[in-house]
Amino acid sequence: MTSPAVNVHATAVVLGTQGFLFVGPSGAGKTMLALSCMAAARNSGLFAALVSDDQVLISVCNGRIIGRRPASIAGLAEVRGAGIVAVETIPAAVIDFAILPVKPPFEPRLPPENERFSLPSGDFLPLYRLPLAEGLNSFEILRLILPQNANFQGH
């Protein structure tokens with residue numbers, strides 16, 4: 001059974017075998033962080049693709065959260081300050097985690113435990129805060145902060 005899709009202001013990507021929903025207010029760095037993680041994942045030999053930038057159609061199917069791209073923005077991402085760019089995309093993916101970009105100063109120093117991102121359906125995703133700072137390899141930091149059972153490589 002699939003719930004009706006709800007449009008969420010976010011960026012969705014697949015890195016390896018995991019789906020990520022980058023969330024936060026406009027200008028938070030969602031797109032740049034997602035594109036940076038995609039490039040680093042590819043450089044590590046992993047699959048990486050954009051599902052959708054700025055708008056993600058979220059539904060729940062058989063207990064899994066699915067992110068889809070609206071047809072009108074398929075293959076496009078907005079790089080703030082540089083414009084709209086073409087990006088390799090896939091039409092949909094299972095979303096496993098929500099990622100919130102955070103900029104210095106990092107307050108609070110430690111995020112709340114078991115933080116969750118609530119979806120309009122009432123479902124939720126585990127939420128992880130990913131620091132944005134010059135010189136940081138965001139993808140490697142992401143790999144460190146995710147739970148041990150997160151699997152980028154596949155089986």
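1. E115 has a relative accessible area of 17%, so the residue is buried; the term buried stands for a relative accessible area under 20%, exposed for over 50% and partly exposed for values in between, with a 1.4 Å probe and protein chains only. E115 is placed in the loop between β10 and β11 (116–118). Residues up to four places away in sequence aside, E115 touches L125, P126, L127 and R129; a contact requires heavy atoms within 4.5 Å.

2. On the basis of this note: the model is predicted, local features need pLDDT of at least 70, side-chain atom pairs count only at pLDDT 80 or more, and totals for chains, interfaces and linings use all residues. Residues are numbered from 1 along each chain as its sequence is written, and side-chain values use heavy atoms, with hydrogens and water left out.

3. The overall architecture comes next. The chain contains two helices and twelve strands; helices (H or I, at least four residues) and strands (E, at least two) are DSSP runs, numbered from the N terminus. Starting at the N terminus, the elements follow the order β-β-β-α-β-β-β-β-β-β-β-β-β-α. The chain is as compact as a globular protein of its length, because its radius of gyration of 15 Å is close to the 15 Å that the globule rule gives for 155 residues. That radius is taken over C-alpha atoms, and the globule rule is 2.2 Å times the number of residues to the power 0.38.

4. Several totals describe the chain as a whole. Its C-alpha trace spans about 40 × 35 × 35 Å along the principal axes. Of the 155 residues, 44% are buried. Among contacts with a separation of 6 or more, 65% are between residues 24 or more positions apart. The accessible surface is about 8,400 Å², and carbon and sulfur atoms hold 55% of this surface; accessible areas come from the Shrake-Rupley method with a 1.4 Å probe, and for residues only the protein chains shown count as cover.

5. How many aromatic pairs does a search of the whole structure find? The search finds two. Rings of Phe, Tyr and Trp (its six-membered ring) pair if their centres lie within 6.5 Å; planes under 30 degrees apart count as stacked, over 60 as edge-to-face and the rest as tilted. F20 and F97 make a stacked pair, with 5.6 Å from centre to centre and 25 degrees between the planes. This pair links distant parts of the chain, since F20 is in strand β3 and F97 in strand β10, 77 residues apart. F20 is buried at 0% relative accessibility, and F97 is buried with a relative accessible area of 7%.

6. F97 also forms an edge-to-face pair with Y128, at 5.8 Å centre to centre and 70 degrees between the planes. Because F97 lies in strand β10 and Y128 in strand β12, this pair ties together parts that are 31 residues apart in sequence. F20, F97 and Y128 together make one aromatic cluster.

7. Which residues of helix α2 (residues 138–145) are buried? They are S138, F139 and L142. These residues lie on the same side of α2, because they cover an arc of only 100 degrees around the axis; the arc is that of the directions from the helix axis to the C-beta atoms. The buried residues of α2 pack against β2 (11–15), β3 (18–22), α1 (30–43), β10 (97–102) and β12 (124–131). At the start of α2, a side-chain oxygen of N137 comes within 3.1 Å of the backbone nitrogen of F139.

8. S52 belongs to strand β4 (residues 48–52) and is buried at 2% relative accessibility. A polar atom of its side chain lies 2.4 Å from the backbone oxygen of Q55. Apart from neighbours within four places in sequence, S52 is in contact with A10, T11, A12, R68, R69, P70 and I73.

9. Most residues other than glycine have a negative phi. D54, in the loop between β4 and β5 (56–61), has a positive phi near 80 degrees and is partly exposed at a relative accessible area of 33%. N62, in the loop between β5 and β6 (64–68), has a positive phi near 50 degrees and is exposed, with a relative accessible area of 62%.

Key: Polar contact = N/O pair within 3.5 Å; in protein donor to acceptor, adjacent residues only side chain to side chain.
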